[in-house]
Amino acid sequence: MLGLLVLVVPWPGVILSAGEREVRILARQYAYAPGVLRVSQGDRVTLVLEAEDVTHGLHLDGYAVDLVAVPGRASRATFVADRPGKFRLRCSKVCGTLHPFMLGELIVTPNSPFWRAIGITVLAAVGTVAFLRASPREAPEEASA
Ligand code: CUA
């Protein structure tokens, strides 16, 4: 549920640390540019939507993101791309005859460093358990003495 938490806050930061992505999307009748967005799982993604001609929206299926951009006024939303897969973007404001066909795609690729980190954590845990099992061997001798 926390993953669905979306912060619609101004994001003035220019310097983005690792795992932070800012993606600018231009919207005009009847397409987004870029039409396909690619991020890595776990990225904290800020979408900045700008409308070139008329008011457009951007609804991101699977994530609770919904933006509306009026020409001349960008709109932004930040979310954590915590689930890998392909997610449909679609315009949520009627912007003309081909509005229903104004679509895009977000591709969240599984983040291998993320899984490597989990792997290292598991290995460390297994190693610790093995160490704790191996070391008390001398303890009972001390106890019986
Ligand atoms: Cu753009 Cu509807």
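A residue counts as buried when its relative accessible area is under 20% and as exposed when that area is over 50%. The legends below refer to a predicted model.

**View A. The open five-stranded sheet.** Five strands form an open sheet with mixed pairing, in the order β3-β9-β8-β5-β6. Its edges are β3 (36–40) and β6 (65–69), each of which pairs on one side only. Neighbouring strands of the sheet are turned by 20° against each other on average, direction ignored.

**View B. The pairing of β5 with β8.** Strand β5, comprising residues 56–60, pairs with strand β8, residues 85–90, in the antiparallel sense. Leu60 stands opposite Leu89 in β8. In general, the strands of a sheet pair through backbone hydrogen bonds, in either a parallel or an antiparallel manner.

**View C. The surroundings of His56.** His56 lies in strand β5. His56 counts as buried because its relative accessibility is 0%. Not counting residues up to four places away in sequence, His56 touches Ala27, Arg28, Gln29, Leu49, Ala51, Leu67, Val68, Ala69, Cys91, Lys93, Cys95 and Met102.

**View D. Pro110 in the loop between β9 and α1.** Pro110 belongs to the loop that lies between β9 (103–109) and α1 (112–134). With a relative accessible area of 55%, Pro110 is exposed. Pro110 touches Gln41 and Pro84, not counting residues up to four places away in sequence. The C-alpha atoms of Pro110 and Asp82 are 9.2 Å apart in space, while the two residues are 28 residues apart in sequence.

How values were computed: Residues numbered from 1 in each chain as written. Predicted model: local features only at pLDDT ≥ 70, side-chain atom pairs only at ≥ 80, totals over all residues. Heavy atoms only, no water. Pairing = 2+ DSSP bridges. Helix = DSSP H or I, 4+ residues; strand = E, 2+ residues; numbered from the N terminus. Axes fitted to C-alpha atoms, helices over the stretch in contact; angles between N-to-C directions. Buried < 20%, exposed > 50% of the residue type's maximum accessible area, 1.4 Å probe, protein only. Contact = heavy atoms within 4.5 Å.
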